[in-house]
Amino acid sequence: LLIGKYNLKKTVTGRNLCPTGHSIVCPYLRTFAMKRRTLLQRLALLAPAILLGRHLHAAETSSAITPLDKAASAWRALLAPEAYAVLFEDDTERANSSPLNHEKRDGTFVCAACYLPLFNSQDKFDSGTGWPSFTQPIAGHTAFSRDFKLIIPRTEYHCARCGGHQGHMFDDGPPPRGERWCNNGVALRFIPATENLPALRS
């Protein structure tokens, strides 16, 4: 290995020998080792959280909402395949694919599975992301978990009653709350204000 005026001989220990026989630690190898060690330390810290996944629910779930004791697979016959994939397999719909992204009428957005009301129309806004977005949910009707699917932790939220996945909450929304509840349209059903809300489905 030629560095400057020295012709260095690499040894099996990752060191190089200068012409005088003294070992010189290669700065590139030392930098690589430090970066590798830092990466492994960070992955070790993430591991417990990744294992917990969706089981880390926030305490914001209202005690007034009783979670259903119903297996996710039992919803399959009641939902379209794309809705089931999002709600109970944590899939994500394609951006700009939902008609609800452009819904501007007064009304209520309910969970597409169990019909629990989740959002009011006055809290909907155009985020420009291609997914229906809201500034806040109906209090106590959503629950949370930490999502590490993209390595970077995200706040996942789901229906507090049936557990169906809805979307993710981000802190880049408009004032005063500064929140953006980014929802999969297929996980919601819109009920216009001129119609009665449907009975909860079990």
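I count a residue as buried when its relative accessible area is under 20%. The model I am reading is predicted.

Entry: Tyr-115. I looked up its accessibility first. Tyr-115 comes out at 15% relative accessibility, so I put it down as buried. Its place is the loop between β6 and β7. I then checked the backbone: phi of Tyr-115 is near 75°, a positive value in a residue that is not glycine. The β6 and β7 hairpin that holds Tyr-115 has 5 residues between its strands.

Entry: partners of β6. I traced an antiparallel pairing with β14, residues 188-192, over 5 bridges. In that pairing I noted Phe-109 opposite Phe-190. With β7, residues 117-120, β6 is also antiparallel, and 3 bridges join the two. Here Val-110 stands opposite Pro-117.

Entry: Asn-96. I looked at the loop between α2 (81-89) and β6, where Asn-96 lies. Asn-96 is not a glycine, yet I read a positive phi of about 65°. Is Asn-96 buried or exposed? I list Asn-96 as exposed, because its relative accessible area is 56% and the exposed class starts over 50%.

Entry: Pro-176. I checked omega for the peptide bond from Pro-175 to Pro-176 and found it near 10°, a cis bond. Pro-176 belongs to the loop between β12 (165-170) and β13 (180-183).

Terms used: Residues numbered from 1 in each chain as written. Predicted model: local features only at pLDDT ≥ 70, side-chain atom pairs only at ≥ 80, totals over all residues. Heavy atoms only, no water. Pairing = 2+ DSSP bridges. Helix = DSSP H or I, 4+ residues; strand = E, 2+ residues; numbered from the N terminus. Buried < 20%, exposed > 50% of the residue type's maximum accessible area, 1.4 Å probe, protein only.
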